[in-house]
Amino acid sequence: MKRSKATQQSQNQDFPLRRSARLADKFTNLPDELTSKIFSKMEDDPKTLIRCSVVSKKWASFVSKIVNLTLRFSRNGHFLACSEHHYHTPLSSLPAIMKVFANLESIEVKVCHPASEPPAYGNITKMTVTWEGYVSQTDTCVAFEVGTLSTIEGAMLSHDFDEEKLATLKSSLVIDFYWRMIAHRPKKLKTLVIMSAKNYGVGSGKVLITIAQVSKLHDSISNSRVNESWLEDPQNIVYWHKNNSDKENLIQEQVWLVYRSKFFVTNNGLHHEIIVREKNAKELLDGLDDHDGDM
């Protein structure tokens with residue numbers, strides 16, 4: 001007996017559902033250790049993880065055990081697209097997200113700038129907050145593009161920042177997100193990293209210097225030609241982030257003014273450090289993805 005056309009269409013429509021059910025059964029039967037590892041691979045995709053958490057109580061349990069998470073927010077806290085069109089978590093959903101991921105130990109926050117935002121000079125800010133018992137530590141490193149340094153023209157600085165102005169500029173955006181995160185901090189959280197970058201200039205070489213080195217820059221260059229040996233001298237700069245395409249005899253690098261503020265809160269009170277080391281500057285730049293020109 002031939003099956004009716006309606007019956008055959010119904011079976012064809014049911015096939016994807018049956019296949020999906022079989023795949024779900026296979027996933028459900030995986031060892032818990034393997035399932036946890038699969039979910040941990042999605043630590044940079046909170047949207048998918050949250051969707052998984054509503055599939056079943058078992059999946060919700062796995063998601064709640066995630067200990068590391070990356071969140072991306074738009075600078076204004078809404079959905080405006082940045083230059084790379086990342087998915088942005090709305091700030092209004094932050095309390096609910098922290099309830100889903102109740103066991104987080106580490107959070108990385110990347111603040112994107114909307115593509116429609118007016119052009120600005122390059123700037124990068126990274127704040128790292130750590131908690132260990134009664135001791136907390138806040139380490140903020142910020143860098144601003146201030147000009148160029150080349151073999152032919154020497155130092156061409158377009159901005160003149162003093163230390164007080166730098167301290168004011170660095171605080172507004174990242175500090176705002178810091179207080180928002182702290183208000184909903186999971187109890188087990190040990191590390192919070194917040195990063196923001198604008199007009200980073202991916203692929204270009206960068207010379208990071210302190211304010212003290214800026215004041216000596218012109219005199220230093222007038223007495224010595226800008227070359228690799230000059231750039232590798234720690235008395236002249238903090239860190240040289242090389243561009244692989246740079247030619248040995250012709251250097252054309254961006255100059256970035258770097259500032260660091262580190263606070264320790266202990267039982268003995270508040271301690272402050274402002275020394276910028278090569279390690280701090282390197283970590284600031286290495287924390288950026290290749291596509292994070294505007295985060």
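Predicted model: local features only at pLDDT ≥ 70, side-chain atom pairs only at ≥ 80, totals over all residues.

Me: Where does Met 156 lie?
Reply: Met 156 belongs to strand β5, which covers residues 154-157.

Me: And is Met 156 buried, partly exposed or exposed?
Reply: Met 156 has a relative accessibility of 45%, so it counts as partly exposed. That class lies between the 20% and 50% limits.

Me: Which residues does Met 156 touch, leaving aside those up to four places away in sequence?
Reply: With those left aside, Met 156 is in contact with Val 146, Gly 147 and Thr 148.

Me: What separates the C-alpha atoms of Met 156 and Val 255?
Reply: Their C-alpha atoms are 8.7 Å apart, while the two residues stand 99 residues apart along the chain.

Me: Changing topic: how many disulfides are there?
Reply: The count is 0 disulfides, with a cut-off of 2.5 Å between cysteine sulfur atoms.

Me: Are Cys 52 and Cys 112 buried or exposed?
Reply: Cys 52 is at 13% relative accessibility and therefore counts as buried. Cys 112 is buried as well, at 0%. The limit for buried is under 20%.

Me: Now Thr 210. Where is Thr 210 found?
Reply: Thr 210 sits in the loop that runs between β7 (206-209) and α7 (211-222).

Me: What does Thr 210 touch beyond four places in sequence?
Reply: Thr 210 makes contact with Val 238, Leu 257, Val 258 and Val 276.

Technical notes. Residues numbered from 1 in each chain as written. Heavy atoms only, no water. Helix = DSSP H or I, 4+ residues; strand = E, 2+ residues; numbered from the N terminus. Buried < 20%, exposed > 50% of the residue type's maximum accessible area, 1.4 Å probe, protein only. Contact = heavy atoms within 4.5 Å.
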